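Visitor: Please show me the sequence and the model, and then take me through them.

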Amino acid sequence: MQKKGITSTEKDIKSQNSPLVKITFLLYNLRQNNISKERNYVFAGSLDGKELAETSRALILHLTDVQATGRKKTTLGDFRIVYNWGNMDPYLLRKGKAEISLKNSAKGVVRIRALDVNGAVLAEIPFRESKGSVIFTADTDQYGAMAYELLRIP
């Protein structure tokens, strides 16, 4: 993995078939530049069964670290022991910011929307297009979002 971002190797990850949705993900079409100093992980998946570069609907995950409220741990020698897992209401989300560039040449007007953990839309996200890529900044501190939806509306 490079310092400035992630790119996959020539080895493609094959499509996964599900009764709910066919997801195709090709990480070599995705580039992420870590703006914050914290670790950021990014995933992009096509939701319409097309290749990511041709999709009109994609899910993009920007993950940092999520912990349960009230989680308690201790160290015993060389071991870390969690003795209270806490609960996820509310969950604690580490701040993280990344510029995400997704190659996408599908037809239509682009919209990028921040989603909450249940998939409800939180906000429209500003973006720019350059040389066949859609570029936007994912920031967990702005909306508390870890998921984004890219739409190409004909």
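**Order of the elements**

Guide: Read from the N terminus, the elements of the protein chain follow the order β-β-β-β-β-β-β-β-β-β-β-β-α-β. Helices (H or I, at least four residues) and strands (E, at least two) are DSSP runs, numbered from the N terminus. This is a predicted model, in which local features need pLDDT of at least 70 and side-chain atom pairs count only at pLDDT 80 or more, while totals for chains, interfaces and linings use all residues. Residues are numbered from 1 along each chain as its sequence is written, and side-chain values use heavy atoms, with hydrogens and water left out.

Visitor: How many helices and strands does the protein chain have?

Guide: The count rests on the DSSP runs just described. The protein chain has one helix and 13 strands.

Visitor: What percentage of the residues of the protein chain count as buried?

Guide: Buried means under 20% relative accessible area, exposed over 50%, and partly exposed in between (1.4 Å probe, protein chains only). Of the 154 residues in the protein chain, the buried share is 33%.

Visitor: Which residues touch the most other members of the largest nonpolar core?

Guide: A nonpolar core is a set of buried Ala, Val, Leu, Ile, Met, Phe, Trp, Tyr and Cys residues joined through side-chain atoms within 4.5 Å. The largest one has 17 residues, and those touching the most other members are I60, I112, F136, Y148 and L150. At least two residues of this core come from each of β2 (41–46), β3 (57–63), β8 (97–103), β9 (109–115), β12 (133–139) and β13 (147–153).

Visitor: Which residues does L150 touch, not counting residues up to four places away in sequence?

Guide: Contact means heavy atoms within 4.5 Å. With residues up to four places away in sequence not counted, L150 touches S56, R57, A58, I60, L102, N104, R111, I112 and V134.

Visitor: Which residues form the aromatic pair, and how are their rings placed?

Guide: Rings of Phe, Tyr and Trp (its six-membered ring) pair if their centres lie within 6.5 Å; planes under 30 degrees apart count as stacked, over 60 as edge-to-face and the rest as tilted. The structure holds one aromatic pair. The ring centres of F136 and Y148 are 5.3 Å apart and their planes stand at 55°, so the pair is tilted. Since F136 belongs to strand β12 and Y148 to strand β13, the pair ties together parts that are twelve residues apart in sequence.

Visitor: Is F136 buried or exposed?

Guide: The cut-off for buried is under 20% relative accessible area. F136 has 3% relative accessibility, so F136 counts as buried.

Visitor: Where is S133, and which residues is S133 in contact with, leaving aside its neighbours within four places in sequence?

Guide: S133 is found in strand β12. Its relative accessible area is 8%, so S133 is buried. Leaving aside neighbours within four places in sequence, S133 is in contact with S101, L102, K103, N104 and R128.

Visitor: How far apart in space are L122 and Y148, C-alpha to C-alpha?

Guide: L122 has its place in strand β10 (residues 121–124), and with a relative accessible area of 39% L122 is partly exposed. L122 and Y148 are 26 residues apart in sequence, and in space their C-alpha to C-alpha distance is 9.5 Å.

Visitor: Which residues make the nonpolar surface patch?

Guide: Patches are made of residues with over 30% relative accessible area and no salt bridge, with like charges joined within 9 Å and nonpolar side chains (Val, Leu, Ile, Met, Phe, Trp, Tyr) within 5 Å. Accessible areas come from the Shrake-Rupley method with a 1.4 Å probe, and for residues only the protein chains shown count as cover. Strand β6 (residues 79–84) gives the most to the patch, with three residues. The patch covers about 470 Å² and is made by L76, F79, I81 and Y83.

Visitor: Which residue forms a salt bridge with E149?

Guide: A salt bridge is a side-chain nitrogen of Lys or Arg within 4 Å of a carboxyl oxygen of Asp or Glu. A search of the whole structure finds six salt bridges. In one of them the closest N and O atoms are 2.9 Å apart, and the partner of E149 is R57.

Visitor: Is E149 buried or exposed?

Guide: E149 has 7% relative accessibility, so E149 counts as buried.
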